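The entries are brief and are meant for a reader who has not seen the structure before.

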Amino acid sequence: MITINQRDRVAWHAGMTVAELLATMAYTYPQIIVSIDGVLVPYDTYDQTPIPDESDVRVIHLMAGG
Amino acid sequence: MMTRHTLKVLAEAPYEPAALQRGYTGQTLYVNVSDGCITARPVSVNMRETFIGGRGFDLWLLWHGIRDTTQWDDPENEIVIASGPCGGTTQYPGSGKSIAAAISPLTGIPIDSNAGGHFGPYLKFAGWDAIEVQGIAEQEVIILINAPAGKVQILAAPDDCPTNTHLLGHWLNEQLAETEEDRKLMAFVSAGHGSEHTLMGCLNFSLYDRKRKDLRYKQAGRGGIGTVLRHKRVKALVVRTHPFGGDANRPADLNRIAMTGADMHREVARWDPVQNRMRSRGTSFLVQIMDDYDLLPVKNFQYGSHPETPKINGEIWEKRYTQHMPDGCWFGCTVACAHAVDNYKLQTGPYAGSCVIVDGPEYETIAGVGSNCGIFEPEVILEINFYCDTYGIDTISFGTGMAFVMECFEAGVLTREMTGGLDLAFGNANSALEALHQMAAGEGFGKILGQGIRRMKPIFAESFGIDRQFLDDIGMEAKGLEFSEYVTKESLAQQGGYGLANKGPQHDEAWLIFMDQVNNQLPTFEDKAEALHYFPMWRTWFGLCGFCKLPWNDVVDPKNATTDEPTKIPHHVANYVEIYNGVTGAEATADDLIRMSERVYNFQRIFNIRMGHGLRDHDAIPYRSVGPVTAAEYASRQERYDRQLVDWLGLDPATMTMEEKLARHRVTRTDRYEKLIDAVYARRGWTSQGIPMLQTVRDLGIDYPEVLEVIQKHL
């Protein structure tokens, strides 16, 4: 299991990438900042960046409304 | 061909347009349409340093123009319009906003509402930092501020002068603009017949679209200022300015602004195509995003998503917007989100068969008159959008009001007999349009609808026998203003963002849903209170200076991710510090900008108290914005609500009836909202009743005797 935003517990599987997690969570907003265990993930590496089991993943949407 | 009139001059005053210096002209224009008084008023050092401009100037002038007992339809109520020191800048995106204010017909307190278009900047270029319009004219009038001629006039509007904006605009062009160049240098503010017969009238701010060679309009929609304009028998405020260039605002340091602007333009060009696509879709991009996160209002805010949303999302609108190029509402804006649909053939109403330009639709309109009313037909949304604009009716109040009525109809408590035969079930587009035309004409059920939700509730209860508790629960208004278009049930911070907003529940003061609900960045009451201090103050500042807030947060270089507080977008905050200092010659810091807003924001709160509506009781919100009202609503998100009973209260939902579940949610959620209010008031330096404390007022330097007199009555 991994933890999203210090609240939501999500099932983990080997090879899980950031891009896959975002799709699973239906996080479709394009301006998102992702960190894994406190380390920022470059936005252009989401496809390749694996998420370790028991990770603390932060997905910060930079949405501030109209 | 229209008849070209020699318009009768009812009053006139010559003037020498004051030279702009560092974003200010140093004077405001006062026009009284009752007695024909036209006069210039100086901008004092205190007014400029404390209230900055825009919304700040509006509120300061309005405060001094009215009495404690002034109602919206009293002659002394004013419409005040100002841009702000940075308004009219062409080197940085989104620097041409106008902010209008008046005592609102819907709320009885000051309303401020902003719009794009050319009026505010042109007013400054014509020599005025703001305009105040007071009085009620004996006949229909046009106010003309004519800088090239060096005079301000109150003109009699002849009988053939139209009222609805799309016709009035062409009429004004014919009457007042000799050449194409004249049209480019003229801008006006108008309303329409809908403003005459409803309390939710909007103001249309024109812009002459040089590519289309035609007029377009942006709306200051909220709070019924259009209603005030038409009650004053003012058809239009018109400004004509001299030809101007990129230094028209006479900034202290043009190069400083240009350098900052160039960086921002590059950022927009690089990142907008892969982020929100404002340049191709405008704010309509939000429709699908809101649906994806269960935040799109559907059927009077009952639900947050709907399977038919793809029929009205940004992809659809990108195809419908006809120029297929960026469309700005002020010169030099590279975010350019102000799209339009050309040659739309109207299907209903008095102009059926005519081909018109429909400005937008923008997110709030799509969600308000579309999904929130169960309408997923783009043609209908365009039709309602056009007619609301030309009639001078706010699309948000119309949409939220119509959704309220539709839920009453679906619940079986409002019937055809009560609506004059209209079948107002969700999704019934024909009846929604018929009701809109009735609103504009002041006829039938539309006349009731046009009063807004707060006034509909007692009518429905007393005349139709509908349960008042049900109406209070589902009627999405606070302070008398209809909610804008976001579902807030799972974001306590945004419930506060709406409930604590000075003007009523409009999202331009705070939009914290993602920070709170999705990102979980505000887990404690104190965290939420801090956000409900910083962000309303930051966003207030845009309205003081003449900025649009969209370039702040709708396109962002990913380098922002490495900053300490990415949600504040620090490098854009730094840009605004640069632009403000570059225009005014000041050396303000980011903290100083927040301080500017704190002064105006607290002043507005005290203004509300002065008008009898600014205390804790007035920050209440309907339960529909807090939690599930009905069993069907609960059942639609049962897994979520049941889980919350376990997580929040340690209850076993399997052993509870629906009534018990709804009741426990209501008690818990309502209590959380009250605790949030306590935390926010404490952070803002207010008493537990929501009154700014004496020390707060003194610290901010707004401890004027008349301000102290208001708050001391309640302390």
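The entries that follow go from the whole model to single residues.

**Entry 1. Conventions and confidence**

I noted that residues are numbered from 1 along each chain as its sequence is written, and that chains are lettered from A and ligands numbered from 1 in the order in which they are written. The model is predicted, so I kept in mind that local features need pLDDT of at least 70, that side-chain atom pairs count only at pLDDT 80 or more, and that totals for chains, interfaces and linings use all residues.

I looked up the scores and found ipTM 0.96 and pTM 0.97. Chain B has an average pLDDT of 97, and 100% of its residues score at least 70; pLDDT is the predictor's confidence in each residue, from 0 to 100.

**Entry 2. Domains of chain B**

I found three domains in chain B: domain 1 (9-240), domain 2 (277-482) and domain 3 (492-555 + 589-712). Their bounds come from an automatic or database domain assignment. The centres of domain 1 and domain 2 of chain B, taken over C-alpha atoms, are separated by 26 Å. Their contact takes 41 residues from domain 1 of chain B and 36 residues from domain 2 of chain B; two residues are in contact if their C-beta atoms, placed from the backbone, lie within 7 Å.

On the side of domain 1 of chain B that touches domain 2 of chain B, at least two residues each come from helix H4 (165-176), helix H6 (193-197), strand S11 (203-209) and strand S12 (214-220) of chain B. Helices (H or I, at least four residues) and strands (E, at least two) are DSSP runs, numbered from the N terminus. I also recorded the classes on that side of domain 1 of chain B: ten nonpolar, 24 polar and seven charged residues. Here Ala, Val, Leu, Ile, Met, Phe, Trp, Tyr, Cys and Pro count as nonpolar, Asp, Glu, Lys and Arg as charged, and the others, Gly among them, as polar.

**Entry 3. Where chain A meets chain B**

I looked up the contact between the chains, which takes 18 residues from chain A and 22 residues from chain B. The chain A side has ten nonpolar, seven polar and one charged residues.

I then followed Ile33(A), which lies in strand S3 (residues 32-36) of chain A. Ile33(A) counts as buried because it has 21 C-beta neighbours inside 10 Å. The cut-offs are 20 or more other C-beta atoms within 10 Å for buried, 12 or fewer for exposed, and partly exposed in between, with C-beta atoms placed from the backbone. Leaving aside residues up to four places away in sequence, Ile33(A) touches Ile60(A), Leu62(A), Ala561(B) and Pro566(B).

**Entry 4. The nonpolar core**

Which residues touch the most other members of the largest nonpolar core? I found Val31(B), Ile143(B), Ile145(B), Leu203(B) and Val238(B), in a core of 233 residues. Such a core is a set of buried Ala, Val, Leu, Ile, Met, Phe, Trp, Tyr and Cys residues joined through C-beta atoms within 7 Å. Helix H21 (residues 525-545) of chain B gives the most to this core, with eleven residues.

**Entry 5. Helix H13 of chain B**

I checked the length of helix H13 (residues 378-391) of chain B: its 14 residues should span 20 Å at 1.5 Å a residue, and this agrees with its end C-alpha atoms, which are 20 Å apart. The expected span is 1.5 Å times one less than the number of residues. Twelve of the 14 residues of H13(B) are buried, among them Glu383(B), Asn385(B) and Asp389(B). Gly392(B), with a positive phi near 75°, follows H13(B).

**Entry 6. Backbone exceptions**

Most residues other than glycine have a negative phi, and most peptide bonds are trans. I found a cis peptide bond joining Gly360(B) and Pro361(B), with omega about 5°. Pro361(B) lies in the loop between strand S15 (355-359) and helix H12 (363-370) of chain B.

Ile52(B), not a glycine, has a positive phi of about 65°. Ile52(B) is in the loop between helix H1 (45-51) and helix H2 (55-65) of chain B, and is buried, with 29 other C-beta atoms within 10 Å.
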